[in-house]
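Reader: I'm new to this structure and would like a close look at a single part. Could you take me to the place where the ligand sits and walk me through it?

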Amino acid sequence: MTIKRLAIYCGALNGQGKDYLVQAEKVGEWLAAHQIELVYGGGRHGLMGAVARGTLANGGIVHSVLTQELYDRGVALAGVTDRQIMPNMDRRKEMMMQMADGMIALPGGLGTLEEISQAASWVTVGDNAKPVAIYNYHGFYDELKKQLVAMNQAGFLEDLYLNNIYFGNSMDDILEFMKGYQVPHHRTYDK
Ligand code: AMP
(Lines give C-alpha, C1' and ligand atoms only; values in the text may rest on other atoms or scores of the structure.)
Protein backbone atom coordinates (compact mmCIF):
# COMPACT_ATOMS: atom_id res chain seq x y z
CA MET A 1 0.00 0.00 0.00
CA THR A 2 1.32 3.49 -0.85
CA ILE A 3 1.12 5.94 2.01
CA LYS A 4 1.08 9.59 0.94
CA ARG A 5 -1.36 11.05 3.43
CA LEU A 6 -2.07 10.08 7.01
CA ALA A 7 -5.00 11.08 9.18
CA ILE A 8 -3.80 11.74 12.70
CA TYR A 9 -6.29 11.76 15.55
CA CYS A 10 -5.09 13.16 18.87
CA GLY A 11 -6.00 15.25 21.87
CA ALA A 12 -7.42 18.74 21.49
CA LEU A 13 -5.94 19.31 24.96
CA ASN A 14 -2.26 19.33 25.95
CA GLY A 15 -2.23 16.43 28.39
CA GLN A 16 -0.15 16.65 31.56
CA GLY A 17 3.42 17.82 31.40
CA LYS A 18 5.25 18.74 28.24
CA ASP A 19 5.96 15.23 26.94
CA TYR A 20 2.79 14.65 24.94
CA LEU A 21 3.08 17.99 23.17
CA VAL A 22 6.75 17.48 22.36
CA GLN A 23 6.08 14.00 21.01
CA ALA A 24 3.15 15.21 18.89
CA GLU A 25 5.33 17.91 17.37
CA LYS A 26 7.96 15.26 16.57
CA VAL A 27 5.32 13.23 14.75
CA GLY A 28 4.62 16.34 12.67
CA GLU A 29 8.33 16.69 11.90
CA TRP A 30 8.50 13.00 10.99
CA LEU A 31 5.62 13.41 8.52
CA ALA A 32 7.33 16.34 6.81
CA ALA A 33 10.66 14.47 6.68
CA HIS A 34 8.94 11.48 5.02
CA GLN A 35 6.96 13.68 2.62
CA ILE A 36 3.74 12.33 4.04
CA GLU A 37 0.89 14.84 4.15
CA LEU A 38 -1.08 15.38 7.34
CA VAL A 39 -4.87 15.19 7.41
CA TYR A 40 -6.19 16.31 10.76
CA GLY A 41 -9.04 17.93 12.64
CA GLY A 42 -7.82 21.47 12.00
CA GLY A 43 -7.51 22.69 15.58
CA ARG A 44 -4.80 24.94 16.96
CA HIS A 45 -5.00 23.65 20.53
CA GLY A 46 -3.43 20.69 22.25
CA LEU A 47 -1.67 17.85 20.50
CA MET A 48 -3.59 18.59 17.32
CA GLY A 49 -2.01 22.02 17.02
CA ALA A 50 1.39 20.57 17.92
CA VAL A 51 1.34 17.91 15.16
CA ALA A 52 0.24 20.44 12.56
CA ARG A 53 2.81 23.03 13.64
CA GLY A 54 5.53 20.37 13.61
CA THR A 55 4.62 19.46 10.03
CA LEU A 56 4.31 23.03 8.77
CA ALA A 57 7.52 24.22 10.45
CA ASN A 58 9.41 21.54 8.54
CA GLY A 59 7.94 22.32 5.13
CA GLY A 60 5.22 19.65 5.19
CA ILE A 61 1.67 19.76 3.87
CA VAL A 62 -1.30 20.03 6.22
CA HIS A 63 -4.94 19.42 5.28
CA SER A 64 -7.32 20.73 7.88
CA VAL A 65 -10.84 19.27 8.09
CA LEU A 66 -13.16 20.82 10.64
CA THR A 67 -16.79 21.63 11.22
CA GLN A 68 -18.38 25.03 10.65
CA GLU A 69 -19.24 25.14 14.35
CA LEU A 70 -15.65 24.58 15.51
CA TYR A 71 -14.41 27.04 12.92
CA ASP A 72 -16.86 29.69 14.16
CA ARG A 73 -15.62 29.09 17.70
CA GLY A 74 -12.16 30.11 16.57
CA VAL A 75 -10.35 26.81 17.16
CA ALA A 76 -8.82 26.62 13.66
CA LEU A 77 -5.06 26.75 13.16
CA ALA A 78 -4.00 29.41 10.64
CA GLY A 79 -1.38 28.81 7.97
CA VAL A 80 -2.47 25.30 6.96
CA THR A 81 -2.09 24.23 3.33
CA ASP A 82 -5.83 23.86 2.79
CA ARG A 83 -9.00 23.70 4.83
CA GLN A 84 -12.29 21.85 4.35
CA ILE A 85 -15.28 22.99 6.36
CA MET A 86 -17.79 20.21 6.93
CA PRO A 87 -21.42 20.53 8.17
CA ASN A 88 -21.03 18.14 11.12
CA MET A 89 -18.63 15.79 12.95
CA ASP A 90 -19.82 12.70 11.11
CA ARG A 91 -19.17 14.22 7.68
CA ARG A 92 -15.86 15.47 8.94
CA LYS A 93 -14.74 12.02 10.13
CA GLU A 94 -15.80 10.54 6.80
CA MET A 95 -13.90 13.20 4.86
CA MET A 96 -10.73 12.63 6.89
CA MET A 97 -10.92 8.89 6.24
CA GLN A 98 -11.55 9.52 2.55
CA MET A 99 -8.59 11.90 2.16
CA ALA A 100 -6.04 9.76 4.02
CA ASP A 101 -4.26 6.51 3.11
CA GLY A 102 -4.21 5.37 6.74
CA MET A 103 -5.36 6.44 10.19
CA ILE A 104 -3.31 6.83 13.38
CA ALA A 105 -4.27 7.71 16.95
CA LEU A 106 -1.80 9.52 19.19
CA PRO A 107 -2.68 10.08 22.85
CA GLY A 108 -5.99 11.88 23.30
CA GLY A 109 -9.42 11.72 24.87
CA LEU A 110 -12.93 10.75 23.81
CA GLY A 111 -12.77 12.46 20.41
CA THR A 112 -9.61 10.54 19.53
CA LEU A 113 -11.12 7.29 20.77
CA GLU A 114 -14.26 7.88 18.74
CA GLU A 115 -12.32 8.57 15.55
CA ILE A 116 -9.94 5.61 15.78
CA SER A 117 -12.79 3.29 16.88
CA GLN A 118 -14.81 4.27 13.84
CA ALA A 119 -11.88 3.65 11.52
CA ALA A 120 -11.27 0.21 13.08
CA SER A 121 -14.90 -0.86 13.32
CA TRP A 122 -15.58 0.11 9.70
CA VAL A 123 -12.92 -2.44 8.70
CA THR A 124 -15.12 -5.20 10.13
CA VAL A 125 -18.14 -4.15 8.05
CA GLY A 126 -16.06 -3.63 4.92
CA ASP A 127 -16.36 0.18 4.79
CA ASN A 128 -12.71 0.96 5.49
CA ALA A 129 -9.99 -0.52 3.31
CA LYS A 130 -7.26 1.58 4.93
CA PRO A 131 -4.87 0.62 7.73
CA VAL A 132 -5.52 1.68 11.32
CA ALA A 133 -2.73 2.10 13.88
CA ILE A 134 -2.25 3.31 17.39
CA TYR A 135 0.89 5.10 18.39
CA ASN A 136 1.28 3.61 21.85
CA TYR A 137 3.44 6.40 23.21
CA HIS A 138 4.91 5.34 26.60
CA GLY A 139 2.25 2.64 26.93
CA PHE A 140 -0.57 5.20 26.85
CA TYR A 141 -2.87 2.74 25.07
CA ASP A 142 -1.92 -0.45 26.97
CA GLU A 143 -5.31 -0.48 28.72
CA LEU A 144 -7.14 -0.11 25.41
CA LYS A 145 -5.18 -3.05 24.05
CA LYS A 146 -6.23 -5.06 27.12
CA GLN A 147 -9.87 -4.16 26.54
CA LEU A 148 -9.65 -5.24 22.90
CA VAL A 149 -8.12 -8.55 24.01
CA ALA A 150 -10.99 -8.92 26.52
CA MET A 151 -13.49 -8.37 23.67
CA ASN A 152 -11.64 -11.00 21.65
CA GLN A 153 -11.61 -13.51 24.50
CA ALA A 154 -15.30 -12.96 25.15
CA GLY A 155 -16.05 -13.67 21.50
CA PHE A 156 -17.00 -10.16 20.34
CA LEU A 157 -13.96 -9.35 18.24
CA GLU A 158 -12.40 -11.87 15.88
CA ASP A 159 -8.62 -12.49 15.85
CA LEU A 160 -8.48 -11.06 12.33
CA TYR A 161 -9.78 -7.63 13.33
CA LEU A 162 -7.95 -7.56 16.65
CA ASN A 163 -4.64 -8.20 14.91
CA ASN A 164 -5.54 -5.68 12.27
CA ILE A 165 -5.27 -2.77 14.73
CA TYR A 166 -1.55 -2.17 14.93
CA PHE A 167 -0.08 -0.89 18.20
CA GLY A 168 3.29 0.69 17.38
CA ASN A 169 6.02 2.36 19.41
CA SER A 170 7.36 4.49 16.58
CA MET A 171 6.15 6.13 13.39
CA ASP A 172 8.71 4.07 11.43
CA ASP A 173 7.13 0.82 12.68
CA ILE A 174 3.65 2.11 11.92
CA LEU A 175 4.66 3.07 8.38
CA GLU A 176 6.12 -0.40 7.77
CA PHE A 177 2.89 -1.99 8.97
CA MET A 178 0.84 0.27 6.70
CA LYS A 179 2.97 -0.37 3.61
CA GLY A 180 2.48 -4.13 4.01
CA TYR A 181 -1.21 -3.89 4.89
CA GLN A 182 -3.61 -6.44 3.39
CA VAL A 183 -7.27 -5.46 3.61
CA PRO A 184 -9.15 -8.16 5.54
CA HIS A 185 -12.43 -9.53 4.28
CA HIS A 186 -15.48 -8.01 5.93
CA ARG A 187 -17.07 -9.92 8.77
CA THR A 188 -19.46 -12.76 8.16
CA TYR A 189 -22.08 -13.74 10.72
CA ASP A 190 -23.27 -17.10 12.04
CA LYS A 191 -26.60 -18.10 10.56
P1 AMP B 1 -10.16 14.68 22.20
O2 AMP B 1 -9.39 13.41 21.97
O3 AMP B 1 -11.43 14.44 22.98
O4 AMP B 1 -9.33 15.80 22.70
O5 AMP B 1 -10.69 15.10 20.76
C6 AMP B 1 -9.78 15.32 19.74
C7 AMP B 1 -10.28 14.75 18.45
O8 AMP B 1 -11.66 15.10 18.25
C9 AMP B 1 -9.48 15.34 17.30
O10 AMP B 1 -8.78 14.34 16.58
C11 AMP B 1 -10.51 16.10 16.47
O12 AMP B 1 -10.73 15.51 15.22
C13 AMP B 1 -11.78 16.15 17.31
N14 AMP B 1 -11.88 17.44 18.07
C15 AMP B 1 -12.30 17.55 19.34
N16 AMP B 1 -12.23 18.83 19.78
C17 AMP B 1 -11.73 19.56 18.78
C18 AMP B 1 -11.40 20.94 18.61
N19 AMP B 1 -11.56 21.84 19.57
N20 AMP B 1 -10.90 21.34 17.43
C21 AMP B 1 -10.76 20.46 16.43
N22 AMP B 1 -11.06 19.16 16.55
C23 AMP B 1 -11.53 18.69 17.68
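Author: Let's start with Thr112: one of its polar side-chain atoms is 2.6 Å from an oxygen atom of the ligand. For a polar contact, think of a pair of N or O atoms within 3.5 Å; within protein, one must be able to donate a hydrogen and the other to accept it, and residues adjacent in sequence count only if both atoms are side-chain atoms. On its own the ligand has 480 Å² of accessible area, and the protein covers 83% of that (areas by the Shrake-Rupley method with a 1.4 Å probe; for residues, only the protein chains shown count as cover).

A quick word on what you're looking at. This is a predicted model, where local features need pLDDT of at least 70 and side-chain atom pairs count only at pLDDT 80 or more, while totals for chains, interfaces and linings use all residues. Residues are numbered from 1 along each chain as its sequence is written, and side-chain values use heavy atoms, with hydrogens and water left out.

Back to the ligand. There are 15 residues around it, and Ala12, Arg92, Gly109, Thr112 and Glu115 come nearest (a residue is near if one of its heavy atoms lies within 4 Å). Sorted by class, that shell holds seven nonpolar, six polar and two charged residues (Ala, Val, Leu, Ile, Met, Phe, Trp, Tyr, Cys and Pro are nonpolar, Asp, Glu, Lys and Arg charged, and the others, Gly among them, polar). Helix 5, residues 110–124, gives the most to the shell, with four residues (helices are DSSP runs of H or I, at least four residues, and strands are runs of E, at least two, numbered from the N terminus).

Gln118 counts as buried because its relative accessibility is 12% (buried is under 20%, exposed over 50%, partly exposed in between, with a 1.4 Å probe and protein chains only). Its side chain makes a polar contact of 2.9 Å with the side chain of Lys93.

For contrast, look at Gln35, in the loop between helix 1 (19–33) and strand 2 (37–40). Gln35 counts as exposed, because its relative accessibility is 69%.
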